[in-house]
Amino acid sequence: MRISAKTAAVVLPAFFLLGIGSTMISGYWSTESSKEPVRFETGEFAGQYNPADIRGSYSFGDIETAFSIPVETTAKAFGFSEAEDPASVQAKLFEEVYGIVDGREIGTDSLRLFVALYLGLPYTPEEDTGLPQPAFNILKKEASLSEEMIEELTPMIVSLEELKDVAEADAAEISHEEAEETDMTVKGKTTFADLYSWGLTEEQVRDALGGIDPGTRSMAVRDYCLEIGMEFSLAKAALQEMIDAGQ
């Protein structure tokens with residue numbers, strides 16, 4: 001899902017004030033839920049929780065419980081400080097609110113990367129993972145980032161304050177991406193038609209979606225995952241594995 005400047009200006013404030021509040025009332029989110037990620041089994045960090053196991057259903061409250069990073073810190077890092085109940089904000093919401101900005105995806109993997117860097121734990125992010133500017137600022141202040149690490153992270157930084165510029169760049173960006181899209185890498189804009197053109201069958205795609213029938217050929221896989229309530233990163237990994245196996 002891509003949001004434009006005008007949409008962001010109206011939707012985001014309304015979302016914070018009404019969206020989260022209404023889902024809290026309906027009981028969709030629970031502040032009492034608890035998640036326990038897997039731990040590193042060997043090496044220097046053996047016994048500590050592994051950020052790579054953070055899933056889209058993890059809330060900021062779950063992150064505080066498992067990794068001892070304050071809710072206020074993660075909420076500020078990802079632009080949710082104004083949410084009615086920041087502790088209940090789940091990582092999978094990033095894809096719906098932000099999606100792809102400046103070619104970088106703000107999603108669950110962004111949270112995994114932030115937690116790993118904040119605690120000095122090993123983690124290799126996905127190729128198109130983005131890191132919000134507020135998150136980077138917090139890491140520079142509170143984490144032990146080397147100059148080399150700062151240099152590596154710089155291309156990944158996404159300014160949440162510049163969402164207004166997305167609308168103006170949309171048409172040119174989409175045109176450029178379509179022209180450049182020659183590799184078979186599953187990304188946020190990949191459609192079901194792309195998957196079929198890369199050699200996957202409808203049955204394989206259905207398996208990657210956990211047995212759920214695929215969407216229409218023109219629909220983006222990420223948008224469809226949001227629609228059916230499935231974490232895109234899980235489907236993405238399964239689809240990419242199938243594609244790579246067939247090459």
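The chain has 12 helices and four strands, where helices (H or I, at least four residues) and strands (E, at least two) are DSSP runs numbered from the N terminus. The model is a predicted one, in which local features need pLDDT of at least 70 and side-chain atom pairs count only at pLDDT 80 or more, while totals for chains, interfaces and linings use all residues. Residues are numbered from 1 along each chain as its sequence is written, and side-chain values use heavy atoms, with hydrogens and water left out.

Of the 247 residues of the chain, 47% count as buried; here buried means under 20% relative accessible area, exposed over 50% and partly exposed in between, for a 1.4 Å probe and protein chains only. Contacts, defined by heavy atoms within 4.5 Å, were also examined by separation along the chain. Among those between residues at least 6 apart in sequence, 62% join residues at least 24 apart.

Two packed helices are described by the angle between their axes and the distance between the axes. Helix H5 (residues 108–119) packs with helix H6 (residues 133–142) at an angle of about 10 degrees, and their axes are 9 Å apart. H5 is therefore roughly parallel to H6. In this scheme, angles under 35 degrees count as roughly parallel, over 145 as roughly antiparallel, 65 to 115 as roughly perpendicular and the rest as oblique. Axes are lines fitted to C-alpha atoms, for helices over the stretch in contact, and angles run from 0 to 180 degrees between N-to-C directions. The contact involves Phe 114, Leu 117 and Tyr 118 on the H5 side, and Ala 135, Ile 138, Leu 139 and Glu 142 on the H6 side. By class, the contact of H5 with H6 comprises six nonpolar, no polar and one charged residues; Ala, Val, Leu, Ile, Met, Phe, Trp, Tyr, Cys and Pro count as nonpolar, Asp, Glu, Lys and Arg as charged, and the others, Gly among them, as polar.

Leu 139, located in H6, is buried, with a relative accessible area of 0%. Apart from neighbours within four places in sequence, Leu 139 is in contact with Phe 114, Leu 117, Tyr 118, Leu 131 and Leu 145. The C-alpha atom of Leu 139 is separated by 9.1 Å from that of Ala 77, although the two residues are 62 residues apart along the chain.

Thr 108 is also found in a helix, namely H5, and counts as buried at 2% relative accessibility. When residues up to four places away in sequence are not counted, Thr 108 touches Ile 54, Arg 55, Gly 56, Ala 91, Lys 92, Glu 95 and Glu 231.

Helix H2 (residues 60–67) has six of its eight residues buried, and is therefore largely enclosed by the rest of the structure. The buried residues of H2 are Phe 60, Gly 61, Asp 62, Ile 63, Ala 66 and Phe 67. Their cover includes helix H3 (71–77), helix H4 (93–97) and H5.

H2 is followed by Ser 68, which is placed in the loop between H2 and H3. Phi of Ser 68 is near 60 degrees, a positive value in a residue other than glycine, and Ser 68 is exposed, with a relative accessible area of 58%. Asp 102, in the loop between strand S1 (99–101) and strand S2, likewise has a positive phi, near 55 degrees. Asp 102 is exposed, at a relative accessible area of 53%.

A search of the whole structure finds one cavity of 30 Å³ or more. On a 1 Å grid over the protein atoms alone, a cavity is a set of points where a 1.4 Å probe fits but cannot get out, and lining residues have an atom within 4 Å of a point. Grid points are joined across faces, edges and corners, and a volume is the space filled by probe spheres set on the points. The largest cavity holds about 90 Å³ of space. It is lined by 13 residues, of which Glu 95, Glu 105, Gly 107, Asp 109 and Glu 126 are the closest to its centre. Strand S2 (104–106), H5 and helix H12 (232–246) each give two or more residues to this lining. The lining residues divide into two nonpolar, five polar and six charged.

Conventions: 1 Å grid on protein atoms, 1.4 Å probe; cavity = no way out; pocket = protein on both sides within 12 Å on 5 of 7 lines; lining within 4 Å.
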